[in-house]
Amino acid sequence: MRKDISTPQYTRSIIDKHKFTFKKSLGQNFLIDRNILDKIVDTAGVTSETGVIEIGPGIGSLTEQLAKRAKKVTAFEIDQRLIPILKDTLSDYPHVKIIHQDVLEADLPAIIEEEFSGLDDLMVVANLPYYVTTPIILKLLMERLPIRGIVVMIQKEVADRMAAEPGTKNYGSLSIAVQYYAVAKSEVKVPKTVFVPQPNVDSSVISLMLRDEPPVEVADETFFFEVVRASFAQRRKTLLNNLQNNLLSKEQKAEIEQVFQEVDIDGKRRGETLTIAEFAKLSNALLPLKR
Ligand code: SAM
């Protein structure tokens, strides 16, 4: 039987055979550890009924493990040089489809409909390129795709921010944006040594299981996220200051203070102490002051 793509020896031989050179600008750090790959696929709960969207298959190490368990895998790869390599390494898996495209430009709802019609269980699974982790995850969440969740390897620092609780140093607008759509859990810390080439940072596998509904009632989503972003604009400033300076205006100070009283939130608090429920309450009450 053929060896896994992910063994260090086989990875090296594929790279040598195709004279592939890594592009740092595309976040190319390939996984060479079968245990980590299994952990990712296990965490995603991939079964023979699951359709998987992968982002950045590289030379196919994660794709191969996904293909062994999933009904179908459709993967987006931006680097043209990897397309013939993937054709070679994944030739045993006819239910894998590679799309040569920047995932940020992909029409995901249309592709899901085309590729996965009839499948009820869809997951996004990836070892993401670190330079575009946040835009990719926010795109996946904000487009409200018909997926069960997202399990991805990302930079540990970003995973910690996504899963952070109120009152901690990592808690910020990214935590709220992600947790509004999903239940975030940092699953396992991963050392640099499981990649080739090794990145400069530690990594984590994070799971984002989509909520059926947002955890809070928000009257205007755009304004809710504007309030959140403005509240964290200068982390050391109070809520009142941040909202006055970054969203509303100094002339509205008395009205803003009135709203703080109404919702029973102290305007001297800092954004990092507010729960999502408090941000929802605050943004709903501030909405009439929107300019
Ligand atoms: N899945 C492989 C693995 O685990 O060994 C490779 C992961 S590597 C961290 C990231 C991959 O994403 C690379 O193959 C890179 O070319 C690809 N990539 C980078 N930016 C992309 C984008 N915007 N859309 C699709 N693929 C992208």
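**Notes on the predicted model**

1. Lys-19 is exposed, its relative accessible area being 73%, and the residue belongs to the loop that runs between helix 1 (8-17) and strand 1. Its phi is near 50°, which is a positive value in a residue other than glycine. Please keep in mind throughout that this is a predicted model.

2. Arg-144 also has a phi near 50°, again positive in a residue other than glycine, and is placed in the loop between helix 6 (133-142) and strand 6 (149-155). With a relative accessible area of 45%, Arg-144 is partly exposed.

3. A cis peptide bond, with omega near -10°, leads from Val-196 to Pro-197, and Pro-197 itself is located in the loop between strand 8 (195-196) and strand 9 (203-210).

4. The ligand sits in the largest pocket, where 23 residues surround it, the closest being Leu-31, Gly-56, Glu-77, Asn-127 and Tyr-131. This shell comprises 11 nonpolar, 8 polar and 4 charged residues, and at least two of its residues come from each of strand 1 (30-31) and strand 3 (72-77).

5. Gly-58 contributes through its backbone, with an N or O atom 3.3 Å from an oxygen atom of the ligand. Of the 590 Å² of accessible area that the ligand has on its own, the protein covers 99%.

Technical notes:
Residues are numbered from 1 along each chain as its sequence is written. This is a predicted model: local features need pLDDT of at least 70, side-chain atom pairs count only at pLDDT 80 or more; totals for chains, interfaces and linings use all residues. Side-chain values use heavy atoms; hydrogens and water are left out. A residue is near a molecule or strand if one of its heavy atoms lies within 4 Å of it. A polar contact is a pair of N or O atoms within 3.5 Å; within protein, one must be able to donate a hydrogen and the other to accept it, and residues adjacent in sequence count only if both atoms are side-chain atoms. Accessible areas come from the Shrake-Rupley method with a 1.4 Å probe; for residues, only the protein chains shown count as cover. On a 1 Å grid over the protein atoms alone, a cavity is a set of points where a 1.4 Å probe fits but cannot get out, and a pocket is an open set with protein on both sides within 12 Å along at least five of seven lines; lining residues have an atom within 4 Å of a point. A molecule sits in a cavity or pocket if more than half of its atoms lie within 2 Å of its grid points. Helices (H or I, at least four residues) and strands (E, at least two) are DSSP runs, numbered from the N terminus. Ala, Val, Leu, Ile, Met, Phe, Trp, Tyr, Cys and Pro count as nonpolar, Asp, Glu, Lys and Arg as charged, and the others, Gly among them, as polar. Buried means under 20% relative accessible area, exposed over 50%, partly exposed in between (1.4 Å probe, protein chains only).
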